[in-house]
Amino acid sequence: MTALEFTYQIGTFSKFLRPFALRLTKDGDDANDLVQDTLVKAFTNREKYQDGTNLKAWLFTIMKNTFITQYQRMVRRNTFIDTTDNLHFINSMESLQENEAVNSFISADIQSALAKIDAMYRVPFMMYFEGFKYHEIAEELDLPIGTVKNRIFMARRDLKNHLHMYA
């Protein structure tokens, strides 16, 4: 493939790169940078492309690998390594103060919301919450498995409505 053909082919596929870059970066400017970096790498590594292979997939692979490399660099750059000799622990559990009052209010709200749900829905939901599988709940309550799934769904929906202030 000649350089002109290669450039034309990349130009036709470049419109597909931006949406993929947006999904990766979640930012328009970063996506544009990623597309540009991908195209630069594709042009500089043209000799590594083999005729007959999927050029679009090759470009997407370059983009994905470029994104991963940039992300790893950013994480390494933002990692804080404390080289001092002090023995203080930042965010250690020993110095953590929790507000138990908030937890008790939330717990009370959850218990109140559970009490408002009809027992027909609450019992299968609580069994599922405690770790029972659908088929085990169905056997225990002598219900069809579809009914168990439906009742758990209804209980979740009712809980969500009762606890909307935490959503």
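Among contacts in the protein chain between residues at least 6 apart in sequence, what percentage join residues at least 24 apart? The figure is 60%. Keep in mind that everything shown here comes from a predicted model.

Figure 1. Let's start with the overall view. The protein chain has seven helices and zero strands. If you walk along from the N terminus, the elements read α-α-α-α-α-α-α. The chain has 167 residues, and 22% of them count as buried.

**Figure 2. Positive charges gather on the surface.** Which residues make up the patch of positive charge? They are K41, R73, R76 and R77, brought together on the surface. Helix 3, which covers residues 55-77, gives the largest share of this patch, with three residues. Take R76 as an example: you'll find R76 in helix 3. Is R76 buried or exposed? R76 has a relative accessible area of 57%, and the cut-off for exposed is over 50%, so R76 counts as exposed.

**Figure 3. Negative charges have a surface patch too.** This close-up shows D27, D29, D30 and D33, which gather in a patch of negative charge on the surface. Where does D27 sit? Look in the loop between helix 1 (3-25) and helix 2 (28-44). D27 has a relative accessibility of 32%, which makes D27 partly exposed.

Figure 4. Y71, M74 and V75 make a nonpolar surface patch of about 270 Å². One of these residues, M74, is found in helix 3. M74 has a relative accessible area of 36%, so M74 is partly exposed.

**Figure 5. R157 and D158 pair up in a salt bridge.** How many salt bridges does the structure hold? There is one. The partners are D158 and R157, and their closest N and O atoms are 3.8 Å apart. That distance passes the test because a salt bridge needs the side-chain nitrogen within 4 Å of the carboxyl oxygen. R157 is partly exposed, at a relative accessible area of 38%.

Figure 6. V123 belongs to helix 5, made of residues 119-129. V123 has a relative accessible area of 38%, so V123 is partly exposed. Now look across to V148. In sequence, V123 and V148 are 25 residues apart. How far apart are V123 and V148 in space, C-alpha to C-alpha? The gap between the two C-alpha atoms is 9.9 Å.

Methods. Residues numbered from 1 in each chain as written. Predicted model: local features only at pLDDT ≥ 70, side-chain atom pairs only at ≥ 80, totals over all residues. Heavy atoms only, no water. Patch = residues over 30% accessible without salt bridge, like charges linked within 9 Å, V, L, I, M, F, W, Y side chains within 5 Å. Areas by Shrake-Rupley, 256 points an atom, 1.4 Å probe, with all protein chains shown as cover. Lys, Arg positive; Asp, Glu negative; His and termini not counted. Charge placed at Lys NZ, Arg CZ, Asp CG, Glu CD. Helix = DSSP H or I, 4+ residues; strand = E, 2+ residues; numbered from the N terminus. Buried < 20%, exposed > 50% of the residue type's maximum accessible area, 1.4 Å probe, protein only. Contact = heavy atoms within 4.5 Å.
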